[in-house]
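Please keep the sequence and the 3D view open while reading.

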Amino acid sequence: MRLPATDHVPASTVRFWALMDSGIVSMALPFTSPFFLGFLYWLNGLLGGVSAVPTFDPLAMFFVNLAGVLVVMWIVARLTVKPAGRLILVEIAFRVVIALLLVWYLLAEDVIPVLWLFVGTELIGAIAQWRAVIRRPQNHLSSNRPRP
């Protein structure tokens, strides 16, 4: 299977979506993750759901922090690795898998409905970046013209 070309994708596209994910950084640290979870449940309450944050046991909090650290590392990779365009294909796959995982937990495990917003943002990010990959470079029409 041949992967689509990504040389024409501006690094700024990859970096923009990395910066969009940077809000999740607060999930990575044991002393900031309770604030992130509090915000998530507060937002869920605004949408008509449960607003009280349940007590998470230490193992559950470890996995919250682990997920946060993995996201932070992925953000750093997208902001610093050259060429950034190659990472866009992995990014698209990650976003689709995360959206599917969220849908599973929303439908099968009855987690808080505010997570539908995250399904939306993951799919919007995947679609926007896929469009950047399949978009033809602007100079493809002029390739038959003689060069001065």
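## The largest pocket

The largest pocket has a volume of about 1600 Å³. Among its 37 lining residues, Ile-24, Met-27, Ile-98, Leu-102 and Phe-118 are the closest to its centre. Helix 1, helix 2, helix 3, helix 4 and helix 5 each give two or more residues to the lining. By residue class, the lining divides into 30 nonpolar, two polar and five charged. Here Ala, Val, Leu, Ile, Met, Phe, Trp, Tyr, Cys and Pro count as nonpolar, Asp, Glu, Lys and Arg as charged, and the others, Gly among them, as polar.

The pocket terms are grid-based. On a 1 Å grid over the protein atoms alone, a pocket is an open set of points where a 1.4 Å probe fits, with protein on both sides within 12 Å along at least five of seven lines; lining residues have an atom within 4 Å of a point. Grid points are joined across faces, edges and corners, and the volume is the space filled by probe spheres set on the points. Rolling a probe the size of a water molecule over the atoms shows where empty space is left.

## Basis of the model

This is a predicted model: local features need pLDDT of at least 70, side-chain atom pairs count only at pLDDT 80 or more, and totals for chains, interfaces and linings use all residues. Residues are numbered from 1 along each chain as its sequence is written, and side-chain values use heavy atoms, with hydrogens and water left out.

Helices are DSSP runs (H or I, at least four residues), numbered from the N terminus.

## Nonpolar cores

The largest nonpolar core has 15 residues. Met-27, Phe-36, Leu-40, Ile-112, Leu-115 and Val-119 touch the most other members. Two or more residues come from each of helix 2 (33-46), helix 3 (58-80), helix 4 (87-108) and helix 5 (115-134). Helix 2 gives the largest share, four residues. A core of this kind is a set of buried Ala, Val, Leu, Ile, Met, Phe, Trp, Tyr and Cys residues joined through side-chain atoms within 4.5 Å. Buried means under 20% relative accessible area, exposed over 50%, and partly exposed in between (1.4 Å probe, protein chains only).

Leu-40 touches Ile-112, Val-114, Leu-115 and Phe-118, not counting residues up to four places away in sequence. Contact means heavy atoms within 4.5 Å. A second, separate core has nine residues, including Val-9, Leu-89, Ile-92 and Val-133. In soluble globular proteins, nonpolar side chains tend to be buried together.

Helix 1 covers residues 11-21, and its buried residues are Thr-13, Val-14, Trp-17, Ala-18 and Asp-21. Seen down the helix axis, they fall within an arc of 135°, so they line one face of helix 1. The arc is that of the directions from the axis to the C-beta atoms. These buried residues pack against helix 3, helix 4 and helix 5. On the other side of helix 1, Ser-12 and Leu-19 are exposed.

Ile-75 lies in helix 3. Its relative accessibility is 6%, so Ile-75 counts as buried. Leaving out residues up to four places away in sequence, Ile-75 touches Ala-18, Asp-21, Ser-22 and Val-25. Met-61 is in helix 3. Met-61 is buried, with a relative accessible area of 17%. Beyond its neighbours within four places in sequence, Met-61 is in contact with Ser-33, Leu-37 and Phe-56. Met-61 and Pro-30 are 31 residues apart along the chain, with their C-alpha atoms separated by 7.6 Å.

Thr-6 sits in the segment before helix 1. At 2% relative accessibility, Thr-6 counts as buried. Gly-85, Arg-86, Ile-88 and Leu-89 touch Thr-6, not counting residues up to four places away in sequence.

Asp-110 lies in the loop between helix 4 and helix 5. Its phi is positive, about 55°, although Asp-110 is not a glycine. Asp-110 is exposed, with a relative accessible area of 67%.

Leu-100 lies in helix 4. Leu-100 is exposed, with a relative accessible area of 57%. Leu-100 and Pro-54 are 46 residues apart in sequence and 24 Å apart in space, C-alpha to C-alpha.
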